[in-house]
Amino acid sequence: MAALTPASVEPDELPRASGRQLRTVLLLLIPGLLWLGVFFVVPIFTLAGTSTQTPSGSGLPGEFVQTFHLANYWDAISAYRGHFARSFFYSILATLLCLAIGYPLAYLIAFRAGRLRNLLLVLVVAPFFTSFVLRTLAWRQILADDGWVVSALKWLHLIPSDLAVTASPIAVVAGITYNFLPFMVLPLYSSLERIDPRLIEAGGDLYGTSFTVLRKVTFPLSMPGVVAGTLLTFIPASGDYVNAALLGNTRTTMIGNVVESRFFRVVDYPTAAALSFILMAIILVLVILYVRRAGTEELV
Amino acid sequence: MTQRRRPLSPEAAAVIRAQQAAGRFSRRSLFTGAGTVGLGAALAACGTSAPASSGGSDEEPSAVQDKSASEKVVNWANWTLYLDYDESTKTYPTLQAFSQETGIKASYDEAIEDNDSYYAKIQGQLRNGQDIGQDIVVFTDYMAARVIQQKYAQELDQARIPNAGNLLENLKTVSYDNGRKYSLTWQSGYAGLAWNKEKLPQGLKSVDDLWKPELKGKVEVLSEMRDTLGLIMLQQGVDPSGAFTADQFGNALDVLDEQLSSGQIRQVKGNSYTQDLISGDALAVIAWSGDITTLNAENGDKWEFAIPEAGGTMWSDNMLVPIGSPHKANAEALMNYYYDPEVAAQVAAYVSYVCPVQGAQEVMLASPDKEMQALAENPNIFPTEADLAKVKVFRALEGTEETEFSSEFQRVLGN
């Protein structure tokens, strides 16, 4: 892959910073570091603390004491293994679907759209103008048992007459795919659009069929977009719970739903916090493995 | 019906009083917690938002200085569809009248999706005695009990709420707030059965009718543990207001688990079950009384509500002044205003829940408006003795029961 990158694109080495430049760099970093400190580092320690608390013994819900009870983690994993498995199954499936739908779309916009390119890009982003909860709720109306979509499919005998589309795993995965599609399309588009067309032409000149050129030239060059898009889809999708709550039923709950219910219904903060940490850890491991395998130095 | 000055018979009143071991239910979880997207999703996805970890309750928060005289405002957090609203002017008529009458600017926020999530949201601030930005919050009995027990509510000055005397006799004394020192009822209601009467002309009589094969996948139940399990327990001959055991609770939970696993129950929902009734995804549901009246008024007269033969549950929502509120006197003025029977009648006509204010029914009967007169006969607003004899109030859960039962219930719900 690195061999395919034209030499001219390679970034210059960063010039060594002088003392004054260093000070400027630090000054520029301060807002970002402050933000991270206040809204990430401090909360993550609070969350870690919460995850090892135990009930205070007052019997009142929501009252816990700090006991560094690490067994909370084991209890959370053993109780919610199935939910973790389901969350990752749904989110990986949705990510693959997003890629399968998003890649041709991004390709079309980048290479074939001509003057329509900007319009198509606006259309990809257009759903963001409406609240995503509302859009998800709208799907519930559209796919309702007596709605016209399902009625029409049933009338055409394309689906069995007793099938419910909403309140099912299909609806949850479809909902996640729909909601995260723009996060896949935009990075794919930006990396496809940057590809030097001469490289693709060269592929043709060397007697590559259009499919071979796509497989050997275009796709490898778009890997940074593929990696960015899949990460931007997969990470939030595994923690998502709105789609499962609105489009699923009680047998399609994801780990986000469990965190929500532990936090707000049972008022069991330690388990909710432990589950969040476990989720973070699993995502981190999966992402590291993935990025290493996909080898994306260009990402950074 | 003869004299209806006191809508409750003495025996019904006694039943309810005996059952005010103060359990109740959150109602209306709009979007099953969709409002909590930010916190929950952020917590789950990357953990950038930390929960306020709760320490012990050793120091009790104390009330703040009342600034009502200088700041003529009152902020009220309530549930959705819980106050008369004028679609054409986008205002709350009774609230506007209150502001004109008293010069106190009232702002109304439909901030409460359900008891649990709203409590979780404000608990950290309450513990520190901070102002949560609301001067009145509305919680259901069991949550009001918790808030009062944790000393998160300010004591009301009865002298400023003379109209509180209009409260229904049976609600004047509740176990969690003897003499109503901290709370005042907003509305009450039942959980029972509702169905689409066009599709199910024969109707439903008992909770077991929900499990008929022809309703497979068309049934929904409430995400409120005390309503759904209360109804199933009653069907099993267990009184949810009595000293039922963990086993009896477990038996009811087994029924729910079985019906969920078999796909008989399509989904477990909060307030949004009404949308599924409209779309036709649900034909028979466990529902809240007032919703069905509102639904029929807005979407054609298609549904019917009934308390199951084995009995239903009853609950009340209560107004409280949170500990950090600097506008208690204004809040009391507002409570007093809504306990005027004339005002209460206007609210009752809109929300269709059980009106807790004596005299409101007479006001509605005397109204020149035919619709108002008809509503005065609505048993969901002014309960009949027969209905009251059939409903129970879920008992208060002691200590660890609360956490254990709700934990088990959430497990069956797939959480």
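A: We begin with an annotation: the unreviewed UniProt entry gives "domain: ABC transmembrane type-1" for residues 84–290 of chain A. UniProt positions follow the numbering used here, feature names are shortened, and annotations may be inferred rather than shown by experiment. This is a predicted model, in which local features need pLDDT of at least 70 and side-chain atom pairs count only at pLDDT 80 or more, while totals for chains, interfaces and linings use all residues. Residues are numbered from 1 along each chain as its sequence is written, chains are lettered from A and ligands numbered from 1 in the order in which they are written, and side-chain values use heavy atoms, with hydrogens and water left out.

Q: How much of residues 84–290 of chain A is helix, and how much is strand?

A: Helices (H or I, at least four residues) and strands (E, at least two) are DSSP runs, numbered from the N terminus. Residues 84–290 of chain A are 77% helix and 0% strand, with 18 Å between the end C-alpha atoms. Chain A has 12 helices and 2 strands, in the order α-β-β-α-α-α-α-α-α-α-α-α-α-α from the N terminus.

Q: Which residues of chain A does the record list under "transmembrane region"?

A: The unreviewed UniProt entry lists residues 25–48, 88–108, 120–143, 163–189, 217–237 and 272–291 of chain A. Residues 25–48 are 100% helix and 0% strand, and their end C-alpha atoms lie 32 Å apart. For residues 120–143 of chain A, the figures are 71% helix, 0% strand and 26 Å between the end C-alpha atoms.

Q: What are the overall dimensions of chain A, and what share of its residues is buried?

A: The C-alpha trace of chain A spans about 75 × 75 × 35 Å along its principal axes. Buried means under 20% relative accessible area, exposed over 50%, and partly exposed in between (1.4 Å probe, protein chains only). Of the 300 residues in chain A, 44% are buried. Contact means heavy atoms within 4.5 Å. Taking the contacts in chain A between residues at least 6 apart in sequence, 71% join residues at least 24 apart.

Q: Is Thr46(A) buried, partly exposed or exposed, and where does it lie?

A: Thr46(A) belongs to helix H1 (residues 19–51) of chain A. Its relative accessibility is 29%, so Thr46(A) counts as partly exposed. Thr46(A) and Ala273(A) are 227 residues apart in sequence, yet their C-alpha atoms are 9.4 Å apart in space.

Q: How is a pair of packed helices described?

A: Two packed helices are described by the angle between their axes and the distance between the axes. Here, axes are lines fitted to C-alpha atoms, for helices over the stretch in contact, and angles run from 0 to 180 degrees between N-to-C directions. Helix H11 (residues 255–265) of chain A and helix H4 (residues 115–127) of chain B have axes that come within 8 Å and cross at roughly 75 degrees. H11(A) and H4(B) are therefore roughly perpendicular (angles under 35 degrees count as roughly parallel, over 145 as roughly antiparallel, 65 to 115 as roughly perpendicular and the rest as oblique). Phe263(A), Phe264(A) and Arg265(A) of H11(A) make the contact with Asp116(B), Ser117(B) and Ala120(B) of H4(B).

Q: How many residues of H11(A) are buried?

A: H11(A) is mostly covered, with 11 of its 11 residues buried. Just after H11(A), Val267(A) has a positive phi of about 55 degrees.

Q: How many aromatic pairs are there over all chains?

A: Rings of Phe, Tyr and Trp (its six-membered ring) pair if their centres lie within 6.5 Å; planes under 30 degrees apart count as stacked, over 60 as edge-to-face and the rest as tilted. By this rule there are 27 aromatic pairs over all chains. One of them is the edge-to-face pair of Trp76(B) and Trp186(B), 5.0 Å centre to centre with 90 degrees between the planes. Trp76(B) lies in strand E1 (residues 73–79) of chain B and Trp186(B) in strand E4 (residues 183–196) of chain B, so the pair ties together parts that are 110 residues apart in sequence. Trp76(B) and Trp186(B) are both buried.
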